[in-house]
Structures are given as structure tokens and as C-alpha cells.
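Work through the exercises below with the sequence and the model open. Try each task before reading its solution.

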Amino acid sequence: MILFEKIIQQKINSLKPEELVSYAKQYDISISINEAKQLLQLVQGKKINVFHEEERIALLKQIAKITSPETAKKANKLFLQFVNGNWK
């Protein structure tokens, strides 16, 4: 699992705002370029592990502040699918 977490972290650290917006659209999550920039500033260079519930919840609270509670709920649903191996 650690290798998988490192791969995810590398991808997060290399994401551009436009890519994040594109990925979000694929999962019916609407964010603006400005929100994507803020979200990437929040996570890039930090070790946030969405597999750990406490870290995920703390991240979701920050996502809700930057975007909206509804967006954070959609992100959590996506994280949970990912964590539970129910990835689309």
C-alpha cells in the first residue's frame, strides 16, 4: 500500500490546475481554475493520506472552505470509492 500512496502523492505534486479541473469534471465535481489552484496549494508538497480517515476528514474540511460543502461531499464519496477499491 505504501508504494500506491507514493504514486498518488507524486501525481498530486505534479498536477496542474487545468488537469485537476478536468479530472473533477470526469467525476461530476465542479471546480473553477481558481479553486483548483487553491486546492493544489493546500495539498502539493504535503503528505496527506486519504486512506487514513482523520487525515481525509481534515482535508475535506479544507476542501469545503475552498469550494463548497457539496463539493467536499462529492470528493469524499470519490475518496471512499478509491479507498475501498470500488474505483470506476
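Predicted model: local features only at pLDDT ≥ 70, side-chain atom pairs only at ≥ 80, totals over all residues.

**Exercise 1. Work out how helices H2 and H3 are oriented to each other, and list the residues that join them.**

Solution. 
- Step 1: Find the axes. Those of H2 and H3 come within 8 Å and cross at roughly 105°.
- Step 2: Classify the angle. Angles of 65 to 115 degrees count as roughly perpendicular, and H2 and H3 are therefore roughly perpendicular to each other.
- Step 3: List the contact. H2 contributes Pro17, Glu18, Leu20 and Val21, while H3 contributes Ile33, Ala36, Lys37, Leu39 and Leu40.

**Exercise 2. Describe the packing of H4 against H5.**

Solution. 
- Step 1: Locate the helices. H4 covers residues 53-66 and H5 covers residues 69-83.
- Step 2: Their axes are 8 Å apart, at an angle of about 150°.
- Step 3: H4 and H5 are therefore roughly antiparallel to each other.
- Step 4: The crossing of H4 past H5 is right-handed. From H4 the contact takes in Arg56, Leu59, Leu60, Ile63 and Ala64; from H5 it takes in Pro69, Ala72, Ala75, Asn76, Phe79, Leu80 and Val83.

**Exercise 3. Find the salt bridge and say which parts of the chain it ties together.**

Solution. 
- Step 1: Side chains of opposite charge can pair when their charged atoms come close.
- Step 2: Apply the cut-off. A side-chain nitrogen of Lys or Arg must be within 4 Å of a carboxyl oxygen of Asp or Glu, and the count comes to 1 salt bridge.
- Step 3: Name the pair. The side chains of Asp28 and Lys74 meet at 3.9 Å, N to O.
- Step 4: Asp28 is in the loop between H2 (17-26) and H3, and Lys74 is in H5, so the bridge ties together parts that are 46 residues apart in sequence.
- Step 5: Check exposure. Asp28 is exposed, with a relative accessible area of 59%, whereas Lys74 is partly exposed at 32%.
- Step 6: Look at the backbone. Phi of Asp28 is near 60°, a positive value in a residue other than glycine.

**Exercise 4. Is Glu35 buried or exposed, and what does its side chain have for a charged partner?**

Solution. 
- Step 1: Glu35 lies in H3, which runs over residues 33-43.
- Step 2: Glu35 is buried, yet it has no salt bridge.
- Step 3: The nearest side chain of opposite charge is Lys25, 11 Å away.
- Step 4: List the neighbours. Leaving aside residues up to four places away in sequence, Glu35 touches Ser30, Ile66 and Thr67.
- Step 5: Link this to Exercise 2. Glu35 of H3 and Ile66 of H4 are among the residues that make the contact between these helices.

Methods
Residues numbered from 1 in each chain as written. Heavy atoms only, no water. Helix = DSSP H or I, 4+ residues; strand = E, 2+ residues; numbered from the N terminus. Buried < 20%, exposed > 50% of the residue type's maximum accessible area, 1.4 Å probe, protein only. Lys, Arg positive; Asp, Glu negative; His and termini not counted. Contact = heavy atoms within 4.5 Å. Axes fitted to C-alpha atoms, helices over the stretch in contact; angles between N-to-C directions. Parallel < 35°, antiparallel > 145°, perpendicular 65-115°, else oblique. Left-handed = near helix turned anticlockwise from the far one by under 90°.
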